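Let's walk through this model together, one piece at a time. Keep the structure open beside you as you read.

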Amino acid sequence: MNLRLKMLAAAAVTAVGLAPPAFADAGDSPTLQRIQERGTVSIGHRETSIPFSYIGENNEPVGYSIDLCLKIVEAIEEQLGGGKLEVRYVPVTGQTRIPLIANGTIDIECGSTTNNLTRQLQVEYLPTTFITGTKIASKVGSGITELEDMSGKIIGLASGTTNEKAIKAAIEAKDLDIKIVPVKDHSQGWLALETDRIDAYGSDDVLLYGLISKASDPSAYHVTGRYLSFDPYALMVQRNDSTFERLGRVTMAGLMRSGEMAEIYAKWFEPGPTNINMPLSDTLRTAFEIQALPE
Amino acid sequence: MNYNWDWGVLLRDPYLGWIIEGLGWTLAISLLAWIIAFSLGSALGVFRTASSPVLRALATTYVEIFRNIPLLVQLFLWYFVFPELLPEDWSRWVKRDMPFPALTTAVVAIGLYTASRVCEQVRSGIEAVGPGQRQAGRAIGMTEVQVYRYILLPNAYRIIIPPLTSEFLTIFKQSSLALTIGVVELTAMTRQIEEYTFQGFEAFTAATIVYSLVTFTVMAIMRQVDRRTALPGTFSKGAA
């Protein structure tokens, strides 16, 4: 009896092992299986990360990161057999992006997310797409250039960003007398700066230029100071899904190899629809070259 | 789900301290806002049932305005728009020099909003006591103030203890909206823990438990209050 039970169990295991996988093209990737099942790719996007991922004129998310993600969507379509996939845009914030990737609500996050080692405990990153760092924006004539000039003043920081941590650490390290006002997102931080609730707003310099370019009077604000952190941006995907991650890496390496990456970059930054005008830096050009792995 | 669980993070320094500090701010906002809500709401509730048509109109207008605009919108109006309508130096005082600008704004906004809801509870309590009591009071020569002081309000408050408890629980939970204008209360603190450790699920579970513990405590206390203050032979018989 016992032996028969064991044989039955063995037969069952073999049968399961031999059965064709339910999703032949999706392989062992949970993300690809999910996408195939629903026929939809869920893209997480930001609303005010200009020009990476923001709400454009047609009320649709647009930007540099969104364009890169759409290239990956094309690669997914090809991998799953060429059928057209629907793209569903899910707005995320600095606080929601990591839990939403971890629980599978979004398949890929296309925003302005810094790749750091702590975050890698929960999510995985594709190759670096942009390199920036924390700086501060203030009103012209406020007399603020560096963080050290802000003694007794107020700085706004978006919750959940690497900038928040970097500036808090810098303030603590130098024991500066600066008051911190946490804000929900970049647009609220900018509103606080415009209405004089805060004296400066700290964020990645490229985002600050983006916010200034969309301000009512761009000449009234400037970005100053040294870099207070090193922030390499990358698209975010779920952990423990090396098949899907590789698909992303292959797409990105291809774009970098063919030079299409630089073209997409030029479309958004040189000078780009919001006149941000940030030519491709030597550091980023080198990063693109190094990450352009051969087939 | 692909996630590294780590419940220990909640007890680690400084995160445990953050949760306690956040709870402190949450209680501060709720209690201060409740003081505004209860006192203003009671006065408005009396106005709403008073014989003077002017007072009634005043209280009705207040309720219609404050109860019909979403609290989050009111919070933003008080925080971002209201200071811009003030003269230059007042505006600066509200935005910078006022003690705890964000906290104070949150307390006022949540307090004023909840006052409109408390007003309606008080009004319904007074109406539940019935017109007979009011007429009887006036017939034995009491003034309107005396009728409210000695007959209507003592009965009305007893009747509305259960719904007032709900209002208090609501104010306590709504205090989390204060984080949208930068008050680092309990929910904001748990978000901050998530930002530093990326253990969001643990942090939010902790917040859920802390909120529940506080609300259960309030409910238990209010049930006792209801039972102790109950008058035999009236509507209020204590929460059964």
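Predicted model: local features only at pLDDT ≥ 70, side-chain atom pairs only at ≥ 80, totals over all residues.

The buried residues of H8(B) pack against helices H1 (15–49), H3 (71–81), H5 (101–129), H7 (144–159) and H10 (200–229) of chain B. Those buried residues are Ile161(B), Leu164(B), Glu167(B), Phe168(B), Ile171(B), Phe172(B) and Gln174(B). "Buried" here means that 20 or more other C-beta atoms lie within 10 Å of a residue's own; 12 or fewer makes it exposed, anything in between is partly exposed, and C-beta atoms are placed from the backbone. Helices (H or I, at least four residues) and strands (E, at least two) are DSSP runs numbered from the N terminus. An α-helix has 3.6 residues a turn, so residues three or four places apart point the same way.

Residues are numbered from 1 along each chain as its sequence is written, while chains are lettered from A and ligands numbered from 1 in the order in which they are written.

Now move along to helix H10 of chain B, where you'll find Ala207(B). Is Ala207(B) buried or exposed? Ala207(B) counts as buried because 22 other C-beta atoms lie within 10 Å. Leaving out neighbours within four places in sequence, Ala207(B) is in contact (C-beta atoms, placed from the backbone, within 7 Å) with Leu186(B), Thr187(B) and Thr190(B). Thr187(B) is 20 residues away from Ala207(B) in sequence, yet their C-alpha atoms are 6.6 Å apart.

UniProt, in an unreviewed entry, lists residues 23–47, 68–86, 98–115 and 201–222 of chain B as "transmembrane region". UniProt positions are given in the numbering used here, feature names are shortened, and annotations may be inferred rather than shown by experiment. In the model, residues 201–222 of chain B are 100% helix and 0% strand, with end C-alpha atoms 32 Å apart. Residues 98–115 of chain B are 83% helix and 0% strand, and their ends are 23 Å apart, C-alpha to C-alpha.

Where do the chains meet? At this interface, 16 residues of chain B are in contact with 23 residues of chain A. Helix H9 (residues 186–197) of chain B gives the most to chain B's side, with 4 residues.

Over in chain A, there are 10 helices and 13 strands. Buried residues make up 44% of its 295 residues. Its domain assignment gives domain 1 (27–132 + 232–291) and domain 2 (134–224), with bounds that come from an automatic or database domain assignment. The C-alpha centres of these two domains of chain A lie 27 Å apart, and 15 residues of domain 1 are in contact with 17 residues of domain 2.

Finally, how far does the predictor trust chain A? Confidence in chain A is lowest in helix H1 (residues 2–18), at a mean of 55, and highest in strand S6 (residues 108–110), at 96.

Technical notes: Contact = placed C-beta atoms within 7 Å. pLDDT = per-residue confidence, 0-100.
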